[in-house]
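Visitor: I would like to learn how to read the features of a structure one at a time, with the general idea before the particular case. Could we begin with charges and aromatic rings?

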Amino acid sequence: MVDVADKLAYFQAITGLEDPDLCTEILQAHDWDLELAISSFTSSNPPPERQEQTPNTQVTANLLSRDGQNRVDRSDSLGNAVAGPGLAWRIITLPYSVISASIGLVSGAVGLGLWAAGGVLSYSLGMLGLNSGRSGESSTRLASVSAAALEAMEFVAVFERDYGNVKPNFVSEGFMDALQRSRSVFKLLFVYLHSPDHPDTPAFCEGTLCNEVLAAFVNENFVSWGGSIRASEGFKMSNSLKASRYPFCAVVMPAANQRIALLQQVEGPKSPEEMLMILQKVIEESNPALLQARLDAEERRNNMRLREEQDAAYRAALEADQARERQRREEQERLEREAAEAERKHKEEVEAREREAREAAEREAALAKMRQEKALSLGAEPEKGPNVTQVLVRFPNGERKERRFHSTAVVQLLYDYVDSLGCLEVQNYSLVSNFPRVVYSTDKFSLSLKEAGLHPQASLFVELN
């Protein structure tokens, strides 16, 4: 439920009335029905040819007449002179974010209940008609977003139809978009509020606005926006700019703190020469501000470009530092891996040498034990006698060894004798006689020396396999 203060503020914003007491009386007269009060207000201020009034409209008209100064024609005090402050700029008190916002944006601030009231106001001005088929907030919001642009496009189309194509190039977009466009191209905004039924409107449009020289000057130096006061945005702009006489033109530009600077307003019919002189004066007096705005924008662009270049240089330096740090870490990790690998290999080599030495010692100990065991298995060397065989063994290195054996001893004992001497580094060998050549291999190990033909004496040599 919207409270009284919100209804009062909303009614003032829509109607442009500054007297809160008067607005309160109007709302009270309509039982605080905001929709009915706004509709009654718009009906009580029609163009000159509209005279029909409902009872509610009559109540509002009476209240307005008591106020005395809300909608008076200031032609007596102004005559044909320009009614404006020149370059002693006047800041419009209503922020342009409220002036040109669509009905949907206003209703977003005061709630869904006031959305319908804004819609009635927009449609009561005769541009879109009463739409009873709105089925939801989403579809209404979609329509409200494009309402200002639709009104602007319709105004341009009707103006061209009635007065031709030689004219100011009115932009086909809402007032806020036109104002933003003027800011971006560093031009002033030329505003024309069109009163279709005013008796001076046709002559002013045909003779002044559509004058080839004036139209060319406006198109060269301004961004132009036009709106019919029958339409929602044109009506709101007429209230905001306090238009009291038509034809009405104004020159505005964006100001700080979301407001509009009103540089010049022209009310009543003017010749092309008068308009041209007024606009030229506005341009001359506004040039320093426009130039400063352009310089400020250029400085901002340069500063932004400089910051971007500095940021890019910083990022490049940072990336280079990070790359160097990454390379340093990778090199350090590589060296650590190589050192660890070298340490591992060294440890493995040491372990291998130790293992080899241990195995060699074990082998040597095993051989020593084996030689000892075989030496013991030979028994004592027998004395010479008929049953004793004399055996001479020659080694590959030229060394000679000689021993006596019982003739009944087997050939295996000869190998045990050679092994017990420890003269050979290998164990794979054979005992061989020269004449005739006989190899005493494993198949003869069990033969006695006498059976093997080695008795009473034999000369054998060691042949390595």
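Guide: A charge is taken to sit over a ring if NZ of Lys or CZ of Arg is within 6 Å of the ring centre and within 35 degrees of the ring normal. In this model, which is predicted, the charged end of R403 lies over the ring of F405, at 4.9 Å from the ring centre.

Visitor: How many aromatic pairs are there by the rule for rings, and which residues form one aromatic cluster?

Guide: A pair of aromatic rings is described by the distance of the centres and the angle of the planes. Here the count comes to 14 aromatic pairs, and one aromatic cluster is formed by F155, F159, Y163, F170, Y192 and F204.

Visitor: What does the secondary structure of the protein come to, and what percentage of its residues is buried?

Guide: The protein has 16 helices and ten strands, and of its 465 residues 39% are buried. Among contacts between residues at least 6 apart in sequence, 68% join residues at least 24 apart.

Visitor: Which residues touch the most other members of the largest nonpolar core?

Guide: In soluble globular proteins, nonpolar side chains tend to be buried together. The largest nonpolar core in this model has 29 residues, and those that touch the most other members are F159, L188, F190, Y192, F222 and L279. At least two residues of this core come from each of α10 (147-163), β2 (188-194), α12 (201-209), α13 (212-221), β4 (248-255), β5 (259-267) and α15 (272-378), and the largest share, seven residues, is supplied by α15. A second, separate core of 22 residues includes V393, F395, L431 and A452.

Visitor: How many disulfides does the rule count, and is C210 buried or exposed?

Guide: A disulfide is a covalent bond between the sulfur atoms of two cysteines. The count in this model comes to zero disulfides. The closest cysteine sulfur to that of C210 belongs to C205 and is 6.4 Å away, which is too far for a bond. C210 is buried, with a relative accessible area of 12%, whereas C423, at 24%, is partly exposed.

Visitor: Where are the cis peptide bonds at P247 and P436, and which residues have a positive phi, D31 and W32 being the ones I would like to discuss?

Guide: Most residues other than glycine have a negative phi, and most peptide bonds are trans. Y246 and P247 are joined by a cis peptide bond with omega of about 0°, and P247 lies in the loop between α14 and β4. The peptide bond from F435 to P436 is also cis, with omega near -15°, and P436 is placed in the loop between β8 (429-433) and β9 (438-440). As for phi, D31 has a positive value near 55°, and W32 has a positive phi of about 55°. D31 is found in the loop between α2 (20-29) and α3 (34-44), where W32 is also placed, and D31 counts as exposed at 68% relative accessibility.

Key:
Residues are numbered from 1 along each chain as its sequence is written. This is a predicted model: local features need pLDDT of at least 70, side-chain atom pairs count only at pLDDT 80 or more; totals for chains, interfaces and linings use all residues. Side-chain values use heavy atoms; hydrogens and water are left out. Helices (H or I, at least four residues) and strands (E, at least two) are DSSP runs, numbered from the N terminus. Buried means under 20% relative accessible area, exposed over 50%, partly exposed in between (1.4 Å probe, protein chains only). Contact means heavy atoms within 4.5 Å. Rings of Phe, Tyr and Trp (its six-membered ring) pair if their centres lie within 6.5 Å; planes under 30 degrees apart count as stacked, over 60 as edge-to-face and the rest as tilted. A nonpolar core is a set of buried Ala, Val, Leu, Ile, Met, Phe, Trp, Tyr and Cys residues joined through side-chain atoms within 4.5 Å. A disulfide is a pair of cysteine sulfur atoms within 2.5 Å.
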